[in-house]
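Subject: Structure for your files

Hello,

Please find the structure below. My notes on it follow, in plain order.

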Amino acid sequence: MTVNIVGEAGSQAFNPNPVAATAGDSVVFRNNDVTIHHIVLDNGSADLGNVSPGQSTRAFTVSTSGAMGFHCTIHPSMVGTINGSVASSAPAPDPGQSY
Ligand SMILES: [Cu+2]
């Protein structure tokens, strides 16, 4: 999935934001802004490097569920969140069953 970088206005800099992802998804950031950006995950698990206008970062894989923050090292006000969820493989519980 692609997260677009659309400006430098804080949480408005990314679209979508927050990003809904499933563990195992690959995410890239595409720079649709007019200046260079450098996206990293807040927890340090991924540094996607500088990305020029019109370019995309390398992909990284969402490995965990829960909220993961990211930001731009060049413009620290640019912040966003990836909300990871685990792919559901279990069948839904039978609504007729009593416990
Ligand atoms: Cu930036």
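**Surroundings of His 37**

Leaving out residues up to four places away in sequence, His 37 touches Ile 5, Gly 7, Glu 8, Asn 31, Gly 49, Asn 50, Val 51, Cys 72, Ile 74, His 75 and Met 78, where contact means heavy atoms within 4.5 Å. Before going further, note that this is a predicted model, in which local features need pLDDT of at least 70 and side-chain atom pairs count only at pLDDT 80 or more, while totals for chains, interfaces and linings use all residues. Residues are numbered from 1 along each chain as its sequence is written, and side-chain values use heavy atoms, with hydrogens and water left out.

His 37 is found in strand S5; strands (E, at least two residues) and helices (H or I, at least four) are DSSP runs, numbered from the N terminus. His 37 counts as buried because its relative accessibility is 0%; the classes are buried under 20% relative accessible area, exposed over 50% and partly exposed in between, with a 1.4 Å probe and protein chains only. The side chain of His 37 makes a polar contact of 2.8 Å with that of Asp 33, and another, of 3.0 Å, with the side chain of His 75. A polar contact is a pair of N or O atoms within 3.5 Å; within protein, one must be able to donate a hydrogen and the other to accept it, and residues adjacent in sequence count only if both atoms are side-chain atoms.

**Copper site**

Which protein atoms are donors of the copper ion? They are ND1 of His 37, SG of Cys 72 and ND1 of His 75, lying 1.9 to 2.1 Å from the ion. Donors here are N, O and S atoms within 2.8 Å of the metal (3.2 Å for Na, K and Ca), and water is not among the atoms, so sites may look incomplete. Along the chain the donors follow the spacing H-x34-C-x2-H. Distant parts of the chain are linked in this way: His 37 belongs to strand S5 (residues 37-41) and Cys 72 to strand S8 (residues 66-72), 35 residues apart. Cys 72 also counts as buried, because its relative accessibility is 0%.

**Overall fold**

The protein has zero helices and nine strands, and its pattern along the sequence reads β-β-β-β-β-β-β-β-β. Its radius of gyration is 16 Å, well over the 13 Å that the globule rule gives for 99 residues, so the protein is more spread out than a compact globule. That radius is taken over C-alpha atoms, and the rule is 2.2 Å times the number of residues to the power 0.38. The C-alpha trace spans about 60 × 25 × 20 Å along its principal axes. Of the 99 residues, 33% count as buried. Among contacts between residues at least 6 apart in sequence, 58% join residues at least 24 apart.

**Nonpolar core**

The largest nonpolar core has 20 residues, of which Ile 5, Phe 14, Phe 29, Ile 39, Phe 60, Phe 70 and Ile 82 touch the most other members. Two or more residues each come from strand S1 (2-5), strand S3 (19-22), strand S4 (26-31), S5, strand S6 (47-51) and S8. S8 gives the largest share, three residues. Such a core is a set of buried Ala, Val, Leu, Ile, Met, Phe, Trp, Tyr and Cys residues joined through side-chain atoms within 4.5 Å. Beyond its neighbours within four places in sequence, Phe 29 is in contact with Val 3, Ile 5, Phe 14, Ile 39, Leu 48, Val 51, Gln 55, Ser 56, Thr 57, Phe 60 and Phe 70.

**Loops**

Pro 16 lies in the loop between strand S2 (14-15) and S3, and Pro 18 is in the loop between S2 and S3. At 35% relative accessibility, Pro 16 counts as partly exposed. Apart from neighbours within four places in sequence, Pro 16 is in contact with Thr 2 and Val 3.

Val 62 sits in the loop between strand S7 (60-61) and S8. With 1% relative accessibility, Val 62 counts as buried. Its contacts, neighbours within four places in sequence aside, include Ala 21, Val 27, Met 68 and Ile 82.

Regards
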